[in-house]
Amino acid sequence: MEASAAPPRSRDTSPKAWPAGGLTRVPYRVFQKDETYEREQARIFQGPLWHYLCMEIEIPAGGDFRTTKVGETPVVVSRDYDGEIYAFENRCAHRGALICLDTHGKGRKDFSCVYHAWTYDTKGNLIGVAFKDGVKGKGGMPETFRMQDHNPRKLRVASVNGLVFGSFSEEVPPIEEYLGEEILTRIDRVLGRRKPVVIGRYTQVLPNNWKLYMENVKDSYHASILHLFFTTFELNRLSQKGAIIVDASGGHHVSYSAIDREAAKSEEYAKQQLRSESEYKLADPSLLQGFDEYDDGVTLQILSVFPTFVLQQIQNAIAVRQIVPRAVESTDLNWTYIGFADDTPEQRLVRLKQANLVGPAGYISMEDGCVGGFVQRGIAGAEDEEAVLEMGGALAESSESRVTEASVRGFWKAYRAHMGL
Amino acid sequence: MDAFRLIVQAQSDYIRCIDDDRLEEWPDHFHGPCKYIVTSAANYREGLEAGLIFANSRGMLQDRVSALREANIYERQSYRHILGQPAILSQQGAEVRTETPFIVARILQDGDTDLFATGRYLDLYRLEDDKAKLEERIVVCDSSRIDTLLALPL
C-alpha cells in the first residue's frame, strides 16, 4: 500500500475564536460540541471553582455519606468520625471501579471496592489491599508498594450555612472570597440561624446542555413571559419591586422581588375601584397563603453560584438545585426541597403546598425543564450562528430592573474567563 | 358488587379520564379529603413529605387542571396508563386501602413514545352508594428521575 502523498493535516484542537460583540453574543456551538464539553470538564469541573456537593444535615454523624458528582466525576462525600466532612473521588486507586455503589448511607467504618477489596477509610485514604503480602509467601504486591501513594483524588471541602462545596483544585480561592459578601449575605438570609431539614428530593432530566439551564436560571427577562401561572391567575402584584445583583466575577447572581409597602397601599386602593379582568381564579388560593419567614417582604430570591448551584426561595418554597452535566445534550437537575426543624405543622403544610410551584411538575418551573430542549433542538445545524444578549445593554452589572440579561452576560463573562475563550 | 370489582371500575374510569384528555373531569374522581400526592419510592421510604404534586382539596386538583390548560407551557402529549390488579391491603367498614401497580407511556406530538413512569397507587376508597369513592391517592413512582417535566397527572 502506498502512503498518502499529502502530509497529514494537523488537527486543530484550539477552540474557535469567540464572535465579536463582547458579552452580547454566544456562539451556539458551545452547546453542541464534544470539544467544548471536554474542555469544561477539565477547566470548570476540575478547575479552581467550588461545586455544590450536599448539605451538612444530610450527613450528620460520623460514618454518614452521600455520593454525588462534580461534572462527570463521581464523588463520595463522607463525615469522618473526627466530625469533619471529607470528599474524594469515587474511583478505586487500583483499577478505577466505583468505591461506593450506594447513593447514601450511615455508620460506614470504611469503603471497600467490590472488585478486589481495596479498602478506604472515611477520609478517602487507602488502608487495605487484599492479599497485599501474597498467600503463603507467593504473589502479593512488591516491597516498594506504599499504600499512601495510592489514593483517589481528594477534594478541598468548605461549608457555607450548611451547604457543602468541594473543589478538585488547590488553587481555588477560599469560599468566602469566591462568593463575596453580597452572595454570602443572601445565602445566610435564607439558611442562617435555623436548622434546615430535607423534605424531598427529585431529579429532573433535562434534554439540553447544562449551560442552557444556567442561562435560564439567570434570565430575569423571561420570568413573566414564559411562566404564565402568576399572570393567568392574576397573582402578579404591581406593587412588587425587584432588582438583580451580579457579582464582580459575573458568575454569581441574585434576582429578587419584594413587596413595595407604599405601592401595596395604592394597589389596595385600586382594587377597591376596579373589578378584576381575569376570568381565572385559583379555586384554592391557600396555595399562596404563606408566611413572611424572613420578615423583609422578599417573596422571591433566586441565587446562583457559578458554575452549577442554585438556592431558591419562592415564597416559602425553599430548595437547592444542583446541575450536573451528563452529556453534551443531557443534564440532571437535582432538586432538594428544604424545610426547617422549627417549622410548625401549619408552616410545613404551606411548604408542601408551595412545592407545587417548583420542581419537575412546578407551576412556575416545569417550563424551565422543556425550554432548554426547545433551544437545543432549535439550534441544530446552526453552530456558526449566535445568540443575542442585548436586553438591558452590554454589561454584566447589578441592575434595578429585572428586564435585563445582565446576569446571563455575567455567566458568559465568568465562563469565558475560566475556559480561556 | 364486591369491593374488588368496584375498585377496579373506579380505577379504570380514572385512567381513561386522563388518557382520553378529559382532565376537567379528573378532580371528580376524588371525594372527601381529595388527597393526591405524587412522590417517589425513595422519598416515600425515607418519609420525605414533599411531593412533585401535592393536593389536599378539590380546589387544588381543579387548579392543577386550569394551570395545565391555561397557563403552563409544555409540548402536546398524552399518556397511556396500564394498571395491574389492585391488591386489597385492608378493609375496615366502608374504608378500603389498596395498592395497584402502574406503568405509563408518554406519547409526544412527534410520535415519540417512551416509558415515562412506573410505580404504584396507594389508595384509600370509601364504599358508598354501590361505588368505590377515591378519598386519597399517593402515587409512588419507582424512580425519582423525571424526564423533562411532569405535566399531566398520573
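This is a predicted model: local features need pLDDT of at least 70, side-chain atom pairs count only at pLDDT 80 or more; totals for chains, interfaces and linings use all residues.
Some ground rules before the pictures: local features need pLDDT of at least 70, side-chain atom pairs count only at pLDDT 80 or more, and totals for chains, interfaces and linings use all residues. Residues are numbered from 1 along each chain as its sequence is written, chains are lettered from A and ligands numbered from 1 in the order in which they are written, and side-chain values use heavy atoms, with hydrogens and water left out.

**View 1. Chain A as a whole.** Chain A carries 10 helices and 19 strands; helices (H or I, at least four residues) and strands (E, at least two) are DSSP runs, numbered from the N terminus. Its C-alpha trace spans about 95 × 65 × 35 Å along the principal axes. Of the 421 residues in chain A, 53% are buried, where buried means under 20% relative accessible area, exposed over 50%, and partly exposed in between (1.4 Å probe, protein chains only). Chain A exposes about 19,300 Å², with carbon and sulfur atoms supplying 51% of that; the areas come from the Shrake-Rupley method with a 1.4 Å probe, and for residues only the protein chains shown count as cover. On the charge side, there are 49 positive and 57 negative side chains, and the centres of the two sets lie 4 Å apart. Here Lys and Arg count as positive and Asp and Glu as negative, leaving out His and the chain ends, and each charge is placed at NZ of Lys, CZ of Arg, CG of Asp or CD of Glu.

**View 2. An eight-stranded open sheet with strands from chains A and B.** The order is β13(A)-β14(A)-β15(A)-β16(A)-β17(A)-β18(A)-β12(A)-β8(B), with mixed pairing; two strands pair if DSSP finds at least two bridges between them. At the edges sit β13 (240-246) of chain A and β8 (145-147) of chain B, each pairing on one side only. Inside the sheet, β16 (309-314) and β17 (317-327) of chain A pair antiparallel over six bridges, and Phe309(A) stands opposite Gln322(A).

**View 3. A seven-stranded open sheet in chain A.** Its strands follow the order β2-β11-β10-β5-β4-β3-β6, and the pairing is antiparallel. β2 (51-55) and β6 (104-105) each have a single partner strand, so one side of each is left without a neighbour in the sheet. Zoom in on β5 (85-89) and β10 (154-160) and you'll find two bridges joining these antiparallel strands. Phe88(A) has Lys154(A) as its bridge partner in β10(A).

**View 4. Strand β7 of chain B and its partners.** β7(B) (131-141) is mostly covered, with 10 of its 11 residues buried. Strand β1(B) (30-40) runs parallel to β7(B) and is joined to it by seven bridges, with Ser40(B) partnered to Cys141(B). Strand β6(B) (113-128) runs antiparallel to β7(B), over 10 bridges; Tyr125(B) and Leu134(B) are bridge partners. β6(B) and β7(B) form a hairpin with two residues between them, and Asp129(B) in the turn has a positive phi of about 50°.

View 5. Lys16(A) is in the segment before β1 (25-27) of chain A and is partly exposed, at a relative accessible area of 48%. Setting aside neighbours within four places in sequence, Lys16(A) is in contact (heavy atoms within 4.5 Å) with Arg29(A), Glu383(A) and Asp384(A). Lys16(A) and Arg29(A) are 13 residues apart along the chain, and their C-alpha atoms are separated by 9.6 Å.
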